[in-house]
Amino acid sequence: MEAAFRYRMATRLARRLREAGRPLPLPALGEALGLRGPVERVVRPLLDGRFLLEEAVGLWEWRYPFPLEGEAVVVLDLETTGLAPGLDEVIEVGLLRLEGGRRLPFQSLVRPSRPPSPFVERLTGIPREALEEAPSLEEVLEKAYPLLADATLVIHNAAFDLGFLRPALEGLGYRLENPVVDSLRLARRGLPGLRRYGLDALSEVLELPRRTCHRALEDVERTLAVVHEVYYMLTSGRPRTLWELGR
């Protein structure tokens with residue numbers, strides 16, 4: 001069975017359990033895949049680390065939370081005018097801090113020194129007129145930086161965003177010493193055998209809604225949804241902090 005197809009089917013089983021809010025027997029899960037009759041030989045191999053198999057099938061996420069109590073996690077994403085730090089610029093910052101069951105979102109457009117290309121406008125859906133009225137990167141980071149305090153950072157393809165973020169923070173006299181977990185690397189471990197590990201490819205495999213444009217906070221939520229699934233795939237009943245898992 002192709003890896004991508006197997007992960008999609010397993011995710012449908014997880015979604016069915018979440019809808020039910022309780023463990024279900026294997027035949028009921030088979031119905032979620034349109035199966036009839038004896039289904040154990042089909043369903044059981046789909047049960048990855050997210051699933052808890054006892055008399056019925058449940059989910060480990062019902063036994064321990066993500067993130068674990070005592071760990072603050074910040075999922076972060078930047079939108080930029082291009083791929084080259086030092087030449088291109090940040091045009092949007094989005095982050096979500098998760099701590100103690102609370103969600104603290106932050107999002108702001110950023111005014112670049114020159115307007116983005118038409119391609120970037122189409123990709124992000126951000127008109128250049130909106131950027132002209134936005135605050136500077138320095139103003140945005142002054143507000144965002146306190147939300148990073150004592151948190152594990154989660155960034156998809158972290159090296160790219162950090163290439164923009166670290167120099168900008170250092171220019172303000174801030175040091176970025178947070179532990180960083182790259183959700184792309186986590187996804188490669190939790191979902192081996194895929195051809196691509198970009199957010200769009202992972203969204204397809206995990207049956208998340210397709211994104212119509214690249215916006216920072218929306219991509220933060222998408223990254224979080226991916227990491228939530230992968231976290232339980234990899235911990236499978238052995239709770240660990242995200243930082244321990246990502247090392």
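**Entry 1, overall dimensions.** I took the radius of gyration over C-alpha atoms, with the globule rule being 2.2 Å times the number of residues to the power 0.38. With 247 residues, a compact globule would by that rule have a radius of gyration near 18 Å, and I noted 20 Å for the chain, which agrees. The C-alpha atoms fill a box of roughly 65 × 40 × 30 Å when the box is taken along the principal axes.

I wrote down the ground rules before going further. This is a predicted model, in which local features need pLDDT of at least 70 and side-chain atom pairs count only at pLDDT 80 or more, while totals for chains, interfaces and linings use all residues. Residues are numbered from 1 along each chain as its sequence is written, and side-chain values use heavy atoms, with hydrogens and water left out.

For secondary structure I used DSSP runs numbered from the N terminus, helices being H or I with at least four residues and strands being E with at least two. The chain has 11 helices and 7 strands on that basis. For accessibility, I called a residue buried under 20% relative accessible area, exposed over 50% and partly exposed in between, with a 1.4 Å probe and protein chains only. Of the 247 residues, 49% count as buried.

I let rings of Phe, Tyr and Trp (its six-membered ring) pair if their centres lie within 6.5 Å, with planes under 30 degrees apart counted as stacked, over 60 as edge-to-face and the rest as tilted. The count comes to 7 aromatic pairs by this rule. I looked at Phe 66 and Tyr 231, whose ring centres are 4.8 Å apart with the planes at 40°, so the pair is tilted. Phe 66 lies in the loop between β2 (57-59) and β3 (73-80), whereas Tyr 231 lies in helix α10 (residues 216-235), so the pair ties together parts that are 165 residues apart in sequence. Both Phe 66 and Tyr 231 are buried.

Tyr 231 also pairs with Tyr 232, edge-to-face, at 5.1 Å centre to centre and with 85° between the planes. Tyr 232 has 2% relative accessibility and therefore counts as buried. Ring pairs link Trp 60, Tyr 64, Phe 66, Tyr 231 and Tyr 232 into a cluster.

I also checked for a charge over a ring, which requires NZ of Lys or CZ of Arg within 6 Å of the ring centre and within 35 degrees of the ring normal. Arg 6 lies over the face of Tyr 7, at 5.1 Å from the ring centre.

On a 1 Å grid over the protein atoms alone, I took a cavity as a set of points where a 1.4 Å probe fits but cannot get out, and a pocket as an open set with protein on both sides within 12 Å along at least five of seven lines; lining residues have an atom within 4 Å of a point. Grid points are joined across faces, edges and corners, and a volume is the space filled by probe spheres set on the points.

The largest pocket has a volume of about 490 Å³. Of its 21 lining residues, the closest to the centre are Asp 77, Glu 79, Phe 160, Arg 211 and His 214. I found that β3 gives the most to this lining, with 4 residues. For residue classes, I counted Ala, Val, Leu, Ile, Met, Phe, Trp, Tyr, Cys and Pro as nonpolar, Asp, Glu, Lys and Arg as charged, and the others, Gly among them, as polar. The pocket lining then has 7 nonpolar, 8 polar and 6 charged residues.

The structure holds 1 cavity of 30 Å³ or more, and about 40 Å³ of space lies in the largest cavity. The lining of the largest cavity has 9 nonpolar residues, no polar and no charged, including Leu 76, Val 93 and Tyr 145.

A cis peptide bond joins Phe 66 and Pro 67, with omega about -10°, and Pro 67 lies in the loop between β2 and β3. Asp 150 has a positive phi of about 60° although it is not a glycine, and at 77% relative accessibility Asp 150 counts as exposed. Phi of Asn 157 is likewise positive, near 60°, and Asn 157 is partly exposed, with a relative accessible area of 37%.
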